[in-house]
Amino acid sequence: MSRSRNRPPHLEARDGPQHVVPPPTLEQVLVRSHVAGRPSVASASELRRGVERAAGDRLRPAPLDDAWAEVRGVFGATVADPRIDPALTISAARGAVARISEVANATARVALATSRPASLLTFYLALARFARISGADVADGDDAGPMRVDGRADRYLRWVDGVAVVTDGQSLCSVRALEAAQEWLFMIPRPALVIADGPYADVAVDAGIEVIAFAGLDHCSLVVGGDKSRRCLVVPMWTDRSPGAYRPLLERALAAA
């Protein structure tokens, strides 16, 4: 019996070119990690309700068809498909980093805040470092409080290397209501640019400040209706993932800068 017949199949020599699986694209990585694409729990009906609620805002009403056009243009989502187009995420992230660089080169003040520190704090810390080394004056401060936030009276504003977050003194807390964001914007000198999500982005936009906002379809109100002169660049992405899930997007955006 020949030696080749005794060789295990996976060790058999094969003639011709071998198929090499290419590495995943950044778009594929973002979809697999649920930074973009469909979220794990959202539904088309939830998206529909969110867009209708944003379009019916009494302060910034918008025709429903226009609202869906804006959501489709920024997120890539449709009424039947609550999906964030990863190509739009990548393009907006590159634009955001380029804008941070422009503002920083003018030595202007930049303020950062996140309502979801468990997911986004390391992402924002990297942007704060980038802004600083590019020449920006990054807003910072001492603890402020106690204050009532989301119905709890034992909350404080705390800056972590230039990124504002809410804490109870032991842990960093997520934020839904506007109280902390309003206090934060009142405390700091008016910035030329805000980098934020959630209520921090809402408060800064309403104050007429230029904003780079990181938002999922659950925060589509940032792009629906309102004054078209509002300066708000939305980077579409789901904001509840693990911190490491955002690293490939951040690295690509910073490399492009």
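Residues 24 or more positions apart account for 61% of the contacts in the protein chain with a separation of 6 or more; contact means heavy atoms within 4.5 Å. This is a predicted model: local features need pLDDT of at least 70, side-chain atom pairs count only at pLDDT 80 or more, and totals for chains, interfaces and linings use all residues. Residues are numbered from 1 along each chain as its sequence is written, and side-chain values use heavy atoms, with hydrogens and water left out.

**Overall make-up**

- The protein chain has 9 helices and 9 strands. Helices (H or I, at least four residues) and strands (E, at least two) are DSSP runs, numbered from the N terminus.
- Of the 257 residues in the protein chain, 44% are buried. Buried means under 20% relative accessible area, exposed means over 50%, and partly exposed lies in between (1.4 Å probe, protein chains only).

**Helices H7 and H8**

- Two packed helices are described by the angle between their axes and the distance between the axes.
- The axes of H7 (residues 179-187) and H8 (residues 198-206) come within 8 Å and cross at roughly 50°. Axes are lines fitted to C-alpha atoms, for helices over the stretch in contact, and angles run from 0 to 180 degrees between N-to-C directions.
- H7 and H8 are therefore oblique to each other. Angles under 35 degrees count as roughly parallel, over 145 as roughly antiparallel, 65 to 115 as roughly perpendicular and the rest as oblique.
- The crossing of H7 and H8 is right-handed. Right-handed means that the near helix is turned clockwise from the far one by less than a right angle; anticlockwise is left-handed.
- On the H7 side, Ala-180, Ala-181, Gln-182, Trp-184 and Leu-185 meet Pro-199, Tyr-200, Val-203 and Ala-204 of H8.
- This contact of H7 with H8 has 8 nonpolar residues, 1 polar and no charged. Ala, Val, Leu, Ile, Met, Phe, Trp, Tyr, Cys and Pro count as nonpolar, Asp, Glu, Lys and Arg as charged, and the others, Gly among them, as polar.
- H8 is largely enclosed by the rest of the structure, because 7 of its 9 residues are buried. Among them are Gly-198, Tyr-200 and Val-205.

**Helices H5 and H9**

- The axes of H5 (residues 86-105) and H9 (residues 247-256) come within 8 Å and cross at roughly 50°. That makes H5 oblique to H9.
- The contact includes Ile-90 and Arg-94 of H5, and Leu-249 and Arg-252 of H9.
- The residues of the contact of H5 with H9 divide into 7 nonpolar, 1 polar and 2 charged.

**Aromatic pairs**

- The whole structure holds 5 aromatic pairs. Rings of Phe, Tyr and Trp (its six-membered ring) pair if their centres lie within 6.5 Å; planes under 30 degrees apart count as stacked, over 60 as edge-to-face and the rest as tilted.
- Tyr-124 and Phe-214 form an edge-to-face pair, 5.8 Å centre to centre with 65° between the planes.
- The pair links distant parts of the chain, with Tyr-124 in H6 (residues 117-133) and Phe-214 in E8 (residues 210-215), 90 residues apart.
- Tyr-124 is buried at 0% relative accessible area. Phe-214 is buried at 4%.
- Ring pairs join Phe-123, Tyr-124, Phe-214 and Tyr-246 into a cluster.

**Backbone details**

- Most residues other than glycine have a negative phi, and most peptide bonds are trans.
- The peptide bond from Gly-145 to Pro-146 is cis, with omega near 5°.
- His-34 has a positive phi, near 65°. His-34 is partly exposed, at 28% relative accessible area.
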